[in-house]
Structures are given as C-alpha cells and as structure tokens.
Amino acid sequence: MRRLLLVTAAASLAAIGVASSQDATMSFFVTSVGSGKGADLGGLAGADAHCASLAEAAGVTGKTWHAYLSTSDTDARDRIGTGPWFNAKGVKIADDVASLHSDANAITKQTALNEKGEVVNGRGDKPNRHDVLTGSKPDGTKIADQTCGDWTLSGAEGAAMTGHHDRTGLDDSAAAKSWNSSHASRGGCSQEALRSTGGDGLLYCFAVN
C-alpha cells in the first residue's frame, strides 16, 4: 500500500511539473473578457494591466505582458517584444514580428486561445466575439483615428480598428481574413457598439520577455 501511495504521489508531482512547464510557455492569448467599458481600456497602461491580471489569474507569472494595440503615437508591432510566441497549449503562433505580420503566422480560431486555453467564439457562434481591438493596419502600424481616443472612449464618438481572430468574415477578402486589421467599429466605442459588429472589447496579449 505504501509503495502504491509513493508511486501515485510521484506521478501526481510529475503531472504538476508537466502542467507548470506547459503553462510557463504561454506568451500569447486573446483575453477571455474585455474591460466592460467598451474600448475605454484606461489607455495602454490599463490594457497592459488587464493582460497581466488575466495571465496571472491563469497561473502564468513572472512575465511582462503588453496588449497588441496602436495609438496615435505608438505602433502595436513595436510593443510586443521579439518572439517567438506560444499559446496556452504550447502551439507556436509566430517566430518574430515579421512572421507575425505575414502569411507565416499560425493565428486561427483553433490557436487564438484565451488565457485559460479555451477557444474564443467566432463567426457562426452565439455570441460572435471575433472582433479583437487593435487600432492597427495589417503591418501592425497605427491608424491614428481608429483607436477610440487612444483607448479612453466608451461612448458614441470615435472608432476602433478590429481584427478577426478566427480569420473569417462576410467574404473572402484579405480584410475579412485579417487577424489585426479587418474593419472599424460602427456606432462608436461603447460595449454595445463593439458587440453590434461581432466583438466584445477583447484584446491580443503578448509576453514581451
């Protein structure tokens, strides 16, 4: 009996070790929830803190997290470190900034998981949540007038460029399939406006270290 207990304990510890190792590799995720205030994220600092809070709640600590967002004077591509980046299941998303912004990236509905390792609702699901806030062009540079006041607005004014984490849209155009630059929000920057086009104020989060 004692031998069995020791074996069981050893197996449990090994399993915990494997799980910790897998968790520690996560350096990319889609947020499971938004700020709750539409595109008012408290600016870049608030968005980064949101990413960090969700990652830590999921058990991933010791990393610096940045939201993939552009502002009037900042390009999203310059905020996210150098890569490579892996999702919560250990699947590589991209090797570096250049491959992330090329056809070589591995972002799909099946790989753009949230911090808990769960698939995020996309087109065809209810509710559709595939619009992810970016404020960016396809190359990761800013669209200055589509950042909802640099992520401080939550009313009827302003607009936010979004991307489709599931790489699908109304047609087969490059924009519809873009993970980071598909279309702008309509009707402002409120939670209701973001939801009306298939979003929920979600973000892409990248570990920069």
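This is a predicted model: local features need pLDDT of at least 70, side-chain atom pairs count only at pLDDT 80 or more; totals for chains, interfaces and linings use all residues.
Colleague: Which residue does Lys-92 form a salt bridge with?
Modeller: The closest N and O atoms of that pair are 2.8 Å apart, inside the 4 Å limit for a salt bridge.

Colleague: How many salt bridges does a search of the whole structure find?
Modeller: The pair of Asp-95 and Lys-92 is a salt bridge, and the side chains of Asp-75 and Lys-142 meet in a salt bridge as well. The search of the whole structure finds six.

Colleague: How many residues apart in sequence are the parts that Asp-75 and Lys-142 tie together?
Modeller: Their side chains meet at 3.3 Å, N to O. Asp-75 lies in the loop between S2 and strand S3 (85-86), whereas Lys-142 lies in the loop between S5 and H4. The pair therefore ties together parts whose separation in sequence is 67 residues.

Colleague: Is Asp-75 buried or exposed?
Modeller: The cut-off for buried is under 20% relative accessible area. Lys-142, at 29%, counts as partly exposed. Asp-75 has a relative accessible area of 15%, so call it buried.

Colleague: Which residues are linked with Asp-200 in a network of salt bridges?
Modeller: One link is a salt bridge of 2.9 Å, N to O, between the side chains of Asp-200 and Arg-129. That pair links distant parts of the chain, with Asp-200 in strand S8 and Arg-129 in the loop between H3 and S5, 71 residues apart. Asp-200 counts as buried at 11% relative accessibility, and Arg-129 is buried at 17%. The residues in the network with Asp-200 are Arg-129 and Arg-195.

Colleague: Glu-115 is buried yet has no salt bridge, so which side chain of opposite charge is nearest?
Modeller: Glu-115 sits in the loop between helix H3 (97-100) and strand S5 (131-133). A salt bridge needs a distance within 4 Å, and the nearest side chain of opposite charge is 4.8 Å away. That side chain belongs to Lys-116.

Colleague: Which side chain does the side chain of Glu-115 make a polar contact with?
Modeller: Beyond four places in sequence, Glu-115 touches several residues, including Phe-29, Leu-54 and Ala-88. The polar contact is at 2.5 Å, and the partner is Ser-32.

Colleague: How far apart are the end C-alpha atoms of helix H2?
Modeller: H2 runs over residues 43-57, which makes 15 residues. At 1.5 Å a residue they should span 21 Å, and the model agrees with that. The end C-alpha atoms are apart by 21 Å.

Colleague: Which strands and helix do the buried residues of H2 pack against?
Modeller: Among the buried residues of H2 are Leu-44, Asp-48, Cys-51 and Leu-54. They pack against strand S1 (28-30), strand S2 (65-67), strand S8 (199-207) and helix H4 (148-151).

Colleague: Which element gives the most to the largest nonpolar core?
Modeller: That core has 24 residues, and Phe-29, Trp-65, Leu-69, Leu-133 and Trp-151 touch the most other members. S2, H4, S8 and H2 each supply at least two of its residues. With six residues, the element that gives the most is H2.

Colleague: How far apart in space are Ser-27 and Phe-206, C-alpha to C-alpha?
Modeller: Ser-27 lies in the loop between helix H1 (2-25) and S1, and is buried with a relative accessible area of 5%. Among its contacts beyond four places in sequence are Trp-65, Trp-85 and Phe-206. Ser-27 and Phe-206 are 179 residues apart in sequence, yet their distance in space is 5.5 Å.

Colleague: Which residue's backbone oxygen lies 2.6 Å from a polar atom of the side chain of Thr-134?
Modeller: Thr-134 is found in the loop between S5 and H4, and its relative accessible area is 0%, so it is buried. It touches residues including Leu-69, Trp-151 and Tyr-204. The backbone oxygen in question belongs to Asn-180.

Terms used. Residues are numbered from 1 along each chain as its sequence is written. Side-chain values use heavy atoms; hydrogens and water are left out. Helices (H or I, at least four residues) and strands (E, at least two) are DSSP runs, numbered from the N terminus. Buried means under 20% relative accessible area, exposed over 50%, partly exposed in between (1.4 Å probe, protein chains only). Lys and Arg count as positive and Asp and Glu as negative; His and the chain ends are not counted. A polar contact is a pair of N or O atoms within 3.5 Å; within protein, one must be able to donate a hydrogen and the other to accept it, and residues adjacent in sequence count only if both atoms are side-chain atoms. Contact means heavy atoms within 4.5 Å. The expected span of a helix is 1.5 Å times one less than its number of residues. A nonpolar core is a set of buried Ala, Val, Leu, Ile, Met, Phe, Trp, Tyr and Cys residues joined through side-chain atoms within 4.5 Å.
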